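Visitor: I'd like to go through this structure residue by residue, then step back. Where do we start?

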Amino acid sequence: MDFLHTPENQIIVGVAVAFVAVGVAALYLYSSKKQPKGCLNPENFREFKLVKRDQLSHNVAKFKFALPTPTSVLGLPIGQHISCRGKDSQGEEVIKPYTPTTLDSDVGYFELVIKMYPQGRMSHHFRELRVGDYLAVRGPKGRFKYQPGEVRAFGMLAGGSGITPMFQVARAILENPKDRTNVHLIYANVTYEDILLKEELDGLATNYPDRFKIYYVLNQPPEVWNGGVGFVSKEMIETHCPAPAHDVKILRCGPPPMNKAMAAHLDALGYAPEMQFQF
């Protein structure tokens with residue numbers, strides 16, 4: 001190994017080491033640039049500024065919050081949610097989970113579609129929120145973990161505002177060119193006006209007709225209506241969701257009575273516990 005100690009070879013070795021160091025640094029910077037760090041903190045609340053508010057109906061609004069920079073990402077894994085902190089009508093602190101309708105491909109901001117209930121404690125906070133105000137957010141949270149292609153098909157059973165995690169998962173699947181998973185969604189509401197994200201959902205059905213199917217169910221439908229009527233039944237699930245199989249999973253999210261009824265339907269239809277997930 002004496003040849004390493006000659007001045008000429010020491011220079012060559014030094015140059016080689018320098019090239020390796022530069023290469024490693026470049027690779028690190030490239031990977032860091034490719035995967036920007038998320039803005040969320042699972043332990044501490046961080047505040048994000050409301051930059052736009054669109055009133056979609058008498059009790060539903062879409063809130064757009066800015067991230068620190070135009071290239072920042074929220075850093076929320078598919079199917080997980082955030083905790084939002086606010087104050088109710090009595091000034092008491094309240095914390096409630098919500099699922100953004102945006103993905104990390106939507107850089108620089110995130111959006112929440114919120115249905116505000118008359119007696120809802122967090123609903124009061126969102127009703128009072130104005131452009132320029134800040135929302136305290138913590139996360140990510142949630143047990144759902146998704147890897148593209150892990151199942152052949154998802155069946156989704158959503159009620160009311162329970163559509164938001166379904167929409168987030170469906171968007172992530174369909175907009176990923178490497179993911180060929182099929183999505184079958186049954187979405188239940190009381191009236192036509194209660195349907196959240198209808199334009200966006202119909203857009204997914206139009207853009208991905210072979211991979212995304214949606215069936216709307218209304219308890220009080222209009223006179224002209226070609227969707228389901230009443231409550232989501234076992235027969236509706238059998239018709240509009242993929243049959244039980246090892247490569248199929250059914251997701252559900254809705255009011256507690258609906259979740260309980262859907263669990264019973266799924267059990268009766270032969271969906272094993274590992275085939276089911278409730279947000």
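Guide: With Leu197, which counts as buried at 8% relative accessibility. Buried means under 20% relative accessible area, exposed over 50%, and partly exposed in between, with a 1.4 Å probe and protein chains only. This is a predicted model, in which local features need pLDDT of at least 70 and side-chain atom pairs count only at pLDDT 80 or more, while totals for chains, interfaces and linings use all residues. Residues are numbered from 1 along each chain as its sequence is written, and side-chain values use heavy atoms, without hydrogens or water.

Visitor: Where does Leu197 sit, and what is its phi?

Guide: Leu197 is in the loop between β8 and α4 (198-207). Its phi is positive, about 60 degrees, although Leu197 is not a glycine. Helices (H or I, at least four residues) and strands (E, at least two) are DSSP runs, numbered from the N terminus.

Visitor: Which peptide bond is cis?

Guide: The one from Gly139 to Pro140, with omega near 0 degrees. Pro140 belongs to strand β6 (residues 134-141).

Visitor: OK, step back. How many helices and strands are there, and how much of the chain is buried?

Guide: The chain has six helices and 12 strands. Of its 279 residues, 43% count as buried. Among contacts with a separation of 6 or more, 71% join residues 24 or more positions apart. Contact means heavy atoms within 4.5 Å.

Visitor: Pockets next. How much space is in the largest one?

Guide: About 950 Å³. A pocket here is an open set of points on a 1 Å grid over the protein atoms alone, where a 1.4 Å probe fits, with protein on both sides within 12 Å along at least five of seven lines; lining residues have an atom within 4 Å of a point. Points are joined across faces, edges and corners, and the volume is the space filled by probe spheres set on them.

Visitor: What lines the largest pocket?

Guide: There are 42 lining residues, and Gly159, Ser161, Gly162, Gly254 and Pro255 lie nearest the centre. Elements that each supply at least two of the lining residues include β4 (93-98), β5 (109-115), α3 (163-174) and β8 (182-189). The most comes from α6, with six residues. By class, the lining has 21 nonpolar, 17 polar and four charged residues. Ala, Val, Leu, Ile, Met, Phe, Trp, Tyr, Cys and Pro are the nonpolar ones, Asp, Glu, Lys and Arg the charged ones, and the others, Gly among them, are polar.

Visitor: And what volume has the second largest pocket?

Guide: About 420 Å³. It is lined by 21 residues, with Ile78, Leu103, Asp104, Ser105 and Ala172 closest to its centre. Here α3 gives the most, with three residues. The classes are 13 nonpolar, four polar and four charged.

Visitor: Which residues does UniProt list for "binding site"?

Guide: An unreviewed UniProt entry lists Pro97, Tyr98, Val113, Lys115, Met122, Ser123 and Thr164. Of these, Pro97, Tyr98, Val113, Lys115, Ser123 and Thr164 are in the lining of the largest pocket. UniProt positions follow the numbering used here, feature names are shortened, and annotations may be inferred rather than shown by experiment.

Visitor: Take Tyr98. Is it buried or exposed?

Guide: Tyr98 lies in strand β4 and is buried, with a relative accessible area of 12%. Beyond four places in sequence, Tyr98 contacts His81, Ile82, Cys84, Leu112, Ile114, Met122 and Phe126.

Visitor: Last one, Asn44. Where is it?

Guide: Asn44 is in the loop between α1 (7-34) and β1 (46-55), and counts as partly exposed at 45% relative accessibility. Not counting residues up to four places away, Asn44 touches Val137 and Arg138. From Asn44 to Ala136, 92 residues apart in sequence, the C-alpha to C-alpha distance is 9.3 Å.
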